[in-house]
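Q: Please take a close look at the aromatic rings in this structure. Which rings pair up, and how are they placed?

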There are 2 protein chains.
Amino acid sequence: MPRFRTLIGALSVSLVMAAQPAWADDGYALWLRSIAKVDRQAVVTALGDSATLTLAASELRRALPMETPAIVVATASAPSVRALTLPFSTLGDEGYLVCNVTLNGKRVILVAGNSDRGTLYGAFALIRHLATGGQAAAVNLRSAPKVKLRVLNHWDNLDESVERGYAGQSIWDWWTLPDFRDPRYTDYARANASIGINGTVLNNVNAKADSLTAPYIAKAAALANVFRPWGMRVYLSARFSAPIELGGLKTADPRDPAVAAWWKAKADEIYRAIPDFGGFLVKANSEGQPGPRDYGASHADGANMLAAAVRDHGGIVMWRAFVYAETDPEDRAKQAYSEFKPLDGTFADNVLVQVKNGAIDFQPREPFHPLFGAMPRTPLMIEFQITKEYLGFATHLAYLGPLFTEVLDAKTGQKPGETVADVVDGQAEHHKLSGMAGVANIGRDRDWSGSTFNQSNWYAFGRLAWDPDLSAEEIARSWAAQTFGTDRQVIDTVTAMMMGSREAVVDYTGALGLAHLMATGHHYGPGPWVSDLARPEWNPTYYHRADANGIGFDRTASGSNAVGQYAGSVAKSFAKPETTPESMLLWFHHLPWDRRMASGRNLWEDLVAHYDRGVAYVAQMQRQWEGLRSKIDAERWQKTATYLAVQEREARWWRDASLAYWMSVNHRPLPAGVRAPEHDLAWYKLQRFPYAPGHTQ
Amino acid sequence: MPRFRTLIGALSVSLVMAAQPAWADDGYALWLRSIAKVDRQAVVTALGDSATLTLAASELRRALPMETPAIVVATASAPSVRALTLPFSTLGDEGYLVCNVTLNGKRVILVAGNSDRGTLYGAFALIRHLATGGQAAAVNLRSAPKVKLRVLNHWDNLDESVERGYAGQSIWDWWTLPDFRDPRYTDYARANASIGINGTVLNNVNAKADSLTAPYIAKAAALANVFRPWGMRVYLSARFSAPIELGGLKTADPRDPAVAAWWKAKADEIYRAIPDFGGFLVKANSEGQPGPRDYGASHADGANMLAAAVRDHGGIVMWRAFVYAETDPEDRAKQAYSEFKPLDGTFADNVLVQVKNGAIDFQPREPFHPLFGAMPRTPLMIEFQITKEYLGFATHLAYLGPLFTEVLDAKTGQKPGETVADVVDGQAEHHKLSGMAGVANIGRDRDWSGSTFNQSNWYAFGRLAWDPDLSAEEIARSWAAQTFGTDRQVIDTVTAMMMGSREAVVDYTGALGLAHLMATGHHYGPGPWVSDLARPEWNPTYYHRADANGIGFDRTASGSNAVGQYAGSVAKSFAKPETTPESMLLWFHHLPWDRRMASGRNLWEDLVAHYDRGVAYVAQMQRQWEGLRSKIDAERWQKTATYLAVQEREARWWRDASLAYWMSVNHRPLPAGVRAPEHDLAWYKLQRFPYAPGHTQ
């Protein structure tokens, strides 16, 4: 069986590989692998000549072989399509349908939407359908996105480093922009379009004002021009104090007319260069960033002032709710809710409040953020972290689909049956705006995301942003087929590995609702002992509160009462250990080590078992992957095999270091038969990683 | 005409491109392009099974088509080769011969050296011979390297940034080493072997002690294992104060026995991991780096102590002469000579002193460093900068072959006819050791060096390190043919563009011996007005000394007398303006703006003419490149075209900013018909590039 490979670039060429199984694949093609030879492509006709429609046609040609039935790409407004009276009215701006029709007397597969963007999404849906084993004969796809803004957040700095990026430098080569348009930019937009992502915030939320200067606006405009035919808009993170730094004003107070005027003029300048500019993302009064609170104004004052600046252009503001004060002694998990909930109803109608999936910071597991459902008069955008800041960087295999869906599927307790997904997609309150943001894991590495399996997290984010009701497993299977081909054993094995992989990270880094146990700064590796950082809530000891008697953070009414920020049956369930899911037990409760668990073991024994389960899962993934050696191209197989070995070693390190520390606190022996840590606690405390990637600014 | 392309990686595959001229080539293959299809390769037999011999055979197979006569790769010791009585005795360890012979009754092309490394170099020589239009029938190549250590210096930091690197992050992914061995490492070694480079210093001369810790030694060892079969050794930059930082000693005084013992133990540790470790490169007492002078010891004391640590293992020390004191009021151009010349004869015999090509710092033009020829009892390694810190980063086209050969061909004036090349290759004094170092321009960018034409500088360095007597034009033609194919128009045009390109940079940044006129920190763009930096010799005004009456640095006896560091006829020539080449005039002399020049113009008019000539040359390169549009693959053509447009704009910027400044000093009008600067001087002074690449640590 020969294999094919596509160079995605300015050109479409397919290249026959030499031999099997030792063929090479560097991962650049992502999940977009051609099954067509260049001289034997599908026959595709475009009705119309918009750039986007042309792209839709060429994507189908490059992906699909000649044997595919003839395909027509069109928009609903094409006369011959209009005559078919298909159900376009349910598709909205971006939806598509793909079905067999008779057009001008011929049987063809029609790919069409109300807009050419919809058609492009339909083209990728058809490719996905066929690449995952679907038949052409009976194809009948119809879909419209449930979430309006499906946006990547790049934490990319202007010096081309990436905060919490583990796939090399920023994909944006700011230095050679706007002159040089790297073919990668096109490939990036294409990959995003293939999974429905329609926006990208180019720069870090820890923003420099320079990104709003004329040279950088020109650079952003060059990217916007590349992205536009792929249906993607550009957004910028805005530094709230820019009027001072760039405009020479004395203040950035949002209530000052000169400040508002500066932003209005700046927005006008941006829109002259980028007519479809999406708007601003703002991290204000958070971790040292400037914001309206510096002037006694509220977050709503700040957001609304910026929203007014972009409103006439059709722009929006995404205002982050990730705030915790430098001096506030309140439980960090409570602060965003305390600050934002009272503002519900005060935001302009082109503002979304962007809320992280959990109340702390992208831990391997967190309960859903209590703001979801608590601000019915405000569109809440959810922010996921695709890059694995706390889940092993690029080297650990952790498929985040289950993390994303666990949060999206969570009941808010606010209304009967309401889920976080209902809030996010705007259905719950019929909001005009809705959005999902993912902190990108994309860099300049050849395989984009630092590892093949990390690509699946980019893919899963896009698919879920389009449809938050998809299952993580369905997405995993689809990704596996598009990435590795349709061999059943490969798909089954890869999907099985993926599905338990995030739980394995939870297990070997700290299960049962523990969180924030990592080392300082780089966030790589264990540091549950860390207690000497300047602010209490920076320390792992703040979160686990372990002592000789017990472990966990009492967030019930007898403690910080963060539970009180949840509603209805959810609040009730979290209020007592007996009704709290064990997976979140120690997030909400401080409990004795001796507490009896569902397993019949006590808490300490159960925690130990989780560590061992996590390590064992990684070893099992190694065996599963070994079994696929002959079925995966050599380069991708070897890199993944190497990374799994790293992960296995580091899972043991997490386990051993954590157990050594817990034992130093609880003075309990390990259960019989359990392996002792390899080193003593002092050794683990000595580990240093001064050059860990991704920790910048 | 179909084109072929090779993916260099773990595998050898050749890939048929789709269409011409719009085919894609991302530049990854460098000058190593296959002309063989995978199923129609040359027939190559290896006599012997060393890893290196096997590589030599596979390189020939992947590069050469079936039509090539049968090839045998072997070493001189193979019995059937020995029987031929070929002139192996003149080839040394690394030389090769390639010739037609009858072996076991068959006519074959024999590729052989005394070592398998020699054979590998021969294989690449044969590929080069055929790729540049040579015939197989009469092939008769014989060559041995004139320089023993042909070494790249990577100014790569452990955080994966590169100081003065313009091709992305460090190629070394320290974070995933030693586990993950990126196929790029193999491709890097292969490219180096193809041009004769046999060593690489992995880390920045501004070194961190961490690079000498056990984890980083293991990482370096993993790279050494990859490089070994390609004939490349690994070296490390050593931080002189490491015994304090890592060893807990109170001092790094090289005369302290505990310090020497620490280094000896450290060397032993390194050699256990890397048995063929090359040795240390040291930047000491230079720009803030620690060194023996901190303790009143000499550079020789420091170098010899380290040399003793590696001597028993066959290691060497490369000790840099790039020193200038923080407080020394002496002309910076004189300080290295003043400090090192008296030490001649005091260095251990496994020490080389590494001297930059000029006495300041890699300017577009500098006279050769006066130390060459002045330390006959010490092997002097020359250090060139391949990366273009002062010649336009990655975006400007500047072929450095003429810069390298101008220095190598310079007469030292010390002995009749002696050139810098004679000193560097060790012939002048029959030194056992000789070496040439090039500061690498290699990064993680897909095309390795940030632009296609930058690859030629890597190539030229390697070729000249093997044979400093090659001409820059011969190398350019050879590179053009290997890189773009054998079309005569392409080779002629590309070679013509290259040959004048460095002089164009000299012209538009400051000709007639001016130097160090760049902006601060990043060294990008003009800053001749800068005069406010803390140390006098950091300021451009220190170097040009322009005022209303004249311009230039008087380095004759009436000035700093740097001329007195040169010898014989060279010193005599530099002593007077009349006998100084005009290209170096203002380096050695302060002269009135009215001085009459060879052109008949006065100095001011001549300087203006140089600026205009530089700008015009770039515009001419644009036209030349435009004429090749149909003959170069689309991706490489477009990137170069874009970069030439950047260069043309920035050449005008350099010209205009410089003229605006000179006019503010000399109050002279521009000659008639000369275009005025586009902006006023204040505008040029306002330009800021806070995120320019490559300026780290």
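**Aromatic rings**

A: Both B:Phe277 and B:Phe280 are buried, where buried stands for under 20% relative accessible area, exposed for over 50% and partly exposed for anything in between, with a 1.4 Å probe and protein chains only. This is a predicted model, in which local features need pLDDT of at least 70, side-chain atom pairs count only at pLDDT 80 or more, and totals for chains, interfaces and linings use all residues. Residues are numbered from 1 along each chain as its sequence is written, chains are lettered from A and ligands numbered from 1 in the order in which they are written, and side-chain values use heavy atoms, leaving out hydrogens and water.

Over all chains, the structure holds 93 aromatic pairs. Rings of Phe, Tyr and Trp (its six-membered ring) pair if their centres lie within 6.5 Å; planes under 30 degrees apart count as stacked, over 60 as edge-to-face and the rest as tilted. The pair of A:Trp479 and A:Phe484 is edge-to-face because the ring centres are 5.7 Å apart and the planes stand at 85 degrees. A:Trp479 and A:Phe484 are both buried. B:Phe277 and B:Phe280 also form an edge-to-face pair, with 5.6 Å from centre to centre and 70 degrees between the planes.

Ring pairs also link a cluster in chain A, whose members include A:Tyr28, A:Trp31, A:Trp172 and A:Trp448.

Some rings have a charge over them, meaning NZ of Lys or CZ of Arg within 6 Å of the ring centre and within 35 degrees of the ring normal. A:Arg332 lies over the face of A:Tyr324, 4.0 Å from the ring centre. The charged end of A:Arg545 is placed over the ring of A:Phe553, at 3.7 Å from its centre.
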